[in-house]
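The sequence and structure come next.

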Amino acid sequence: MHMPQPLLIALLLLLSPLAATADSERTAVEQHLMRLERSAVTLGPSTDTAPVRVVLGFGWRDRAGLDLLVIALHDPHSPLYQQYLTPQQFTRRFAPRASQLAAAARYLRRAGLRVVSIAPSRLQLTAEGRVGRVAHALNTSLIDMRDSAGSHVVPATAPVLPDELGAQVVSVGKANALRPPGAAATRQTIAEAPFDPAEIGRLYGFDAVHAAGVRGESARHSTIAIATAFAYDPADLEVFWNAHNVARTRNSVELVSVAGTTDVSTSADDRLETTLDVEWASSMAPAAGVLVYAGTDALSTTFLRVYDRIVSDNRAAVLTTSWGRCESDYPQAYLNQIDAVFTRAAAQGITVVAAAGDRGAVECGGTAPSVAFPAAHPYVLAVGGTGLVRDGDGFTESAWSGSGGGTSTRFAAPPWQMQANSGRVLADVAFNADPASGFRLFSGGTWYVAGGTSVSAPIWAALVALTNQARAAAGRPTLGLAAPQLCELAAATGLSPAPFADITDGGNGAFSAAPGWDFPTGWGSPRAAQFVDALAHWTPTSDGRGGVNSMVALVPVGDSVEGAVRLRFQRRCMTTDLGVHARGLKPGSYTLILDDSPAVSFATDARGGAMLSVPQADLRGRRVQLLDADGVVRFALTDEAPGGGVVEAVASLKNTGVASGASGSLLYRSGSGREQLTVRTDQLPAGVYDVRVGSDTIGTLKVATSGRQAEATFDSFGFSGVLLPMSPVCKPILLVRGGSAYLRSIADALTPGLCVGGAPRT
């Protein structure tokens, strides 16, 4: 068993003079928790006389069809774009059949177990029984284990159910828990807090949104569901609202108890996280409905019921949670069930928001980069953290060292992910989280200063609720799955000022903030007014600008291959397009293979030429081969491409906002062990710019006259250091002057077919 590793209030600390010791306090607490985790011991066969609880999980019917539907619902060029399903429509198409659950219930009853409940979604069935009967039903034995949380009954081997039931065992006995380490909380009555709702609203632009009449509504599209454990005290909310001139009453927040009765009898420390989420979500969307779905405990199985209940009820279009732990702590069966719930949320147009974590790049401890769940799920908007420093009437912002962010090892990259990593990358966005620039919180009669991404997540949920109100006023449906649309928004041209503030300083230990998307802060923090307005009125284009736009030549395989084949690859977020241009081939039929799957077959004309388009084909990280009618490979772009061929790629340089109207492009050419990179720019101010590939400066580009075109070519023999062929592949390319990046390419702009598993091919 594991002690919890929460994504909760990262630190609750005093104002100066104790603030400087916060990092050491947090480290001591986390080290204590890790020591407790290692203290688990096995006590032998279970002798427990209390009933043992079992949760069985089921999957959706036609899961492959559901996955395709979710993509279509969030593809701006699909005829199904944002035509979300109602709960009734979803149940009819995808829910497990009642007969399947009835069969599982009969099996358990015959084994001597009592069926306790069946989820309204039909995703879970909960039963309980004595140790021996549970062990027999699950084809395993049960043992007693003691750890820091007490004694537990756990299966000695993996449980097994009959295949015909079509079910999996999600948990046996007491599941692992997610809860705040109370020892990390320090309290003191506060005379002046660092940031209150009014100041955060002014700095991030929420006040302009509110002034425009967008304050949230009680309708579903602007209602926020908070997934949490334990209750809140309404009296605490009233004190907080009154202190900050938030016009709310108790009945604007509703408590929905899950898995039993939840009330304020729990300890003040247990109530802290729920109170924090409610106070800040309700203040930043001051007219929005807030539904607090609170479990009676913080067990992971209880949170599964909480998430499932929120999505099944469908009363809110925004779901936010600040609870979680290291993704590797969860068994796969549990992840499968949460995945089913979040996939349904995406199909129903519900935006799921989660804290990305407060332990930097090592959410699981140790030194290896790791990430938190549920933020790691591809259908969740993962909120990273920044720190604020006041600067006159404004502020400067940098990545917070505690911000979660990295690559998931449990979830593959979703279709809209622009980065070349094979796993889902996070964070998606960011907000202030550093406890040194923390937020006011009132709970249990005490004022606190709170920090962590657990505050950032409910504030982002409030922003989505405001966005949904503006979208409804414009005749648009809810935002739904946010990440693909935020990707489109970040890649858009002509939006001024930009809806995101790009964070380029700071880091989370393993990863640094940089122009464009980065691990600690994603696309950046919001400029709320521009963000809401853009998502209410702006429509993504299909011109491919701002994304990947590349050309690559396939290499002939063999000594007598005729002709040439080039692939044009365009991708931006949810939209991809592959163009095939062949000339001079031996006339006949050919098949283009991506990895081991045929992508398209075509016939050449009499001259051996062909031009065709393959929609929704993604080249990144793929092995590419062109086979003739006999199945013989004639051209290829593989991990070990034969020598002597030429690879070319082109990509755009995106304006970072420093110089209005500036643009640029890249031409990359490699062959015979040598490579060249040509940089072309237009409309840059006069000056000398450093050209950086990754962290290396490879040379300079001089713009003699402002607004005129400029060009520079860099040969591999002129690159600094010892570089292998394909060195710019999978690396960001920047044009920098005076410490500011004027133009940049995304990290995988030159990677179609050249990146494998997110690493450069060497």
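## A pair within one helix

R63 and D67 are 4 residues apart in helix α2 (residues 63-73), so about one helical turn separates them. Helices here are DSSP runs of H or I with at least four residues, strands are runs of E with at least two, and both are numbered from the N terminus. The side chains of R63 and D67 form a salt bridge at 2.8 Å, N to O. The term means a side-chain nitrogen of Lys or Arg within 4 Å of a carboxyl oxygen of Asp or Glu.

R63 has a relative accessible area of 25% and is partly exposed; D67, with 25%, is also partly exposed. Buried means under 20% relative accessible area, exposed over 50%, and partly exposed in between (1.4 Å probe, protein chains only).

## Pairs across the sequence

R63 also meets D339 in a salt bridge (2.8 Å, N to O). D339 lies in helix α11 (residues 332-347) and R63 in helix α2, so this pair ties together parts 276 residues apart in sequence. D339 is buried, at 17% relative accessibility.

E254 and R315 form a salt bridge at 2.8 Å, N to O. E254 is in strand β10 (residues 253-258) and R315 in the loop between α10 (300-313) and β12 (318-321), so parts 61 residues apart in sequence are tied together. Both are partly exposed: E254 at 32% and R315 at 37%.

## Network and total

Salt bridges with shared partners join R53, R114 and E128 into one network. The structure has 15 salt bridges.

## Basis of the values

The model is predicted: local features need pLDDT of at least 70 and side-chain atom pairs pLDDT 80 or more, while totals for chains, interfaces and linings use all residues. Residues are numbered from 1 along each chain as its sequence is written, and side-chain values use heavy atoms, leaving out hydrogens and water.
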